Amino acid sequence: MGVGRQLFSAIAKYFKEIGITSIIVWVMEQNKSGLGFYESMGGKEYLRRKNEFGGKIVNDVAYRWNDVSVLCIQEE
């Protein structure tokens, strides 16, 4: 399991422990590896927006998980 998956899983486990049941993450549309990562983790596109970053307008995509439990990867 990659480090990114481990970290995302650890965050999901923590959220679950403190009672947060769903999450949304934002990623810039031009960050293709970021889009691919969240899609590979089962994220479903939820919203789109325009945002300012570094003085430029960028397009952002939100991915949503309704149940953080699906992100809690069991360690082998």
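Visitor: At what angle do helix α1 and helix α2 pack?

Guide: This is a predicted model, in which local features need pLDDT of at least 70 and side-chain atom pairs count only at pLDDT 80 or more, while totals for chains, interfaces and linings use all residues. Residues are numbered from 1 along each chain as its sequence is written, and side-chain values use heavy atoms, with hydrogens and water left out. Helices (H or I, at least four residues) and strands (E, at least two) are DSSP runs numbered from the N terminus; axes are lines fitted to C-alpha atoms, for helices over the stretch in contact, and angles run from 0 to 180 degrees between N-to-C directions. The axes of α1 (residues 3–17) and α2 (residues 32–40) are 11 Å apart, and the packing angle is about 60 degrees.

Visitor: Which term describes how α1 and α2 lie to each other?

Guide: Angles under 35 degrees count as roughly parallel, over 145 as roughly antiparallel, 65 to 115 as roughly perpendicular and the rest as oblique. The angle here is about 60 degrees. α1 and α2 are therefore oblique.

Visitor: Which residues of α2 does α1 meet?

Guide: Contact means heavy atoms within 4.5 Å. From α1, the residues taking part are G4, R5 and F8. Their partners in α2 are F37, Y38 and S40.

Visitor: Which residues of α2 are buried, and on which side or sides of α2 do they lie?

Guide: Buried means under 20% relative accessible area, exposed over 50% and partly exposed in between (1.4 Å probe, protein chains only). The buried residues of α2 are G34, L35 and Y38. The arc, taken from the directions from the helix axis to the C-beta atoms, is only 100 degrees, so these residues are on the same side of α2.

Visitor: Which exposed residues sit on the face turned away from the buried side of α2?

Guide: The cover over the buried residues of α2 includes α1, β1 (23–28) and β3 (56–65). The face turned away from that buried side carries exposed K32 and S33.

Visitor: Is S9 buried or exposed?

Guide: S9 belongs to helix α1. Leaving aside neighbours within four places in sequence, S9 is in contact with L71, C72 and I73. Its relative accessibility is 2%, so S9 counts as buried.

Visitor: What separation do the C-alpha atoms of V68 and Y38 have?

Guide: V68 is in the segment after β3 and counts as buried because its relative accessibility is 1%. V68 and Y38 are 30 residues apart along the chain, and their C-alpha atoms are separated by 13 Å.
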